[in-house]
Amino acid sequence: RNIYVRSQRAGARVMASVRDFLQERLRLKVNEAKSAVDRPSKRKFLGFSMYKAKGGIRIRLAPKTKQRVQDRVRELTARSNGWSMDRRIKSLNEYLRGWLGYYTMADAKSFLEDLDGRIRGRLRMCLWKQWKLPRTKLRELRALGLPDWVCWEFAMSRKGYWRMASGPLNRALGNAYWRAQGLKSLTETYLNLRQA
């Protein structure tokens, strides 16, 4: 539970009063690691934290909330789990739809734009690994309509999966490609939910 007061001194006074009430009257143990008198921007509550802006107090995602969703995305897009691309995209859409439904009230547009880009990059990396052989890469790249010299250059490249995914393949497998595969844009969904 969070209690908001006007000053550090008032916070210390209320903290001592609440601690005494919980420990002496209710015989409950206070978790000192999670209890503190601090600025609202440095504390989290149910995955959110607050910050001061021109229009007043705003809500944003707590750092641990961001880290958790990034870790989950890494799990769902691990190139070694043997999943098909359809299964990855379906799992991502299901997880992120639920996650976003809970955190829609937070100011998170720039974070979600970055996460969208990271997700597409990781999916490109998985696809590049799935194609595996140079001849398969050549065939798939040609099917994307790329010039033949580009297809040969990419297919014969010795660069690692992530370097290919975040560089050359970014042009070949852009937003339109992933939209056609069924991947939902976090940023678009977030903005639509905020307007509703």
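At the start of H10, a side-chain oxygen of Ser 185 lies within 3.4 Å of the backbone nitrogen of Thr 187. A polar contact is a pair of N or O atoms within 3.5 Å; within protein, one must be able to donate a hydrogen and the other to accept it, and residues adjacent in sequence count only if both atoms are side-chain atoms. The structure is a predicted model, in which local features need pLDDT of at least 70 and side-chain atom pairs count only at pLDDT 80 or more, while totals for chains, interfaces and linings use all residues. Residues are numbered from 1 along each chain as its sequence is written, and side-chain values use heavy atoms, with hydrogens and water left out.

Helix H10 spans residues 186-195, and its buried residues are Leu 186, Thr 187 and Tyr 190. Helices (H or I, at least four residues) and strands (E, at least two) are DSSP runs, numbered from the N terminus. Buried means under 20% relative accessible area, exposed over 50%, and partly exposed in between (1.4 Å probe, protein chains only). The face turned away from the buried side carries the exposed residues Asn 192 and Gln 195.

Side chains of opposite charge can pair when their charged atoms come close. In the whole structure, 8 salt bridges are found, each defined as a side-chain nitrogen of Lys or Arg within 4 Å of a carboxyl oxygen of Asp or Glu. One of them joins Arg 58 and Asp 107, at 2.9 Å from N to O. This pair links distant parts of the chain, 49 residues apart: Arg 58 belongs to strand E2 (residues 56-61), and Asp 107 to the loop between helix H3 (85-103) and helix H4 (109-131). Arg 58 is partly exposed at 35% relative accessible area, as is Asp 107 at 22%. Arg 58, Asp 107 and Arg 194 are linked in a network of salt bridges.

A salt bridge also connects Arg 72 with Glu 75, with the closest N and O atoms 2.8 Å apart. Both residues lie in helix H2 (residues 63-76), 3 residues apart, or about one turn of the helix.
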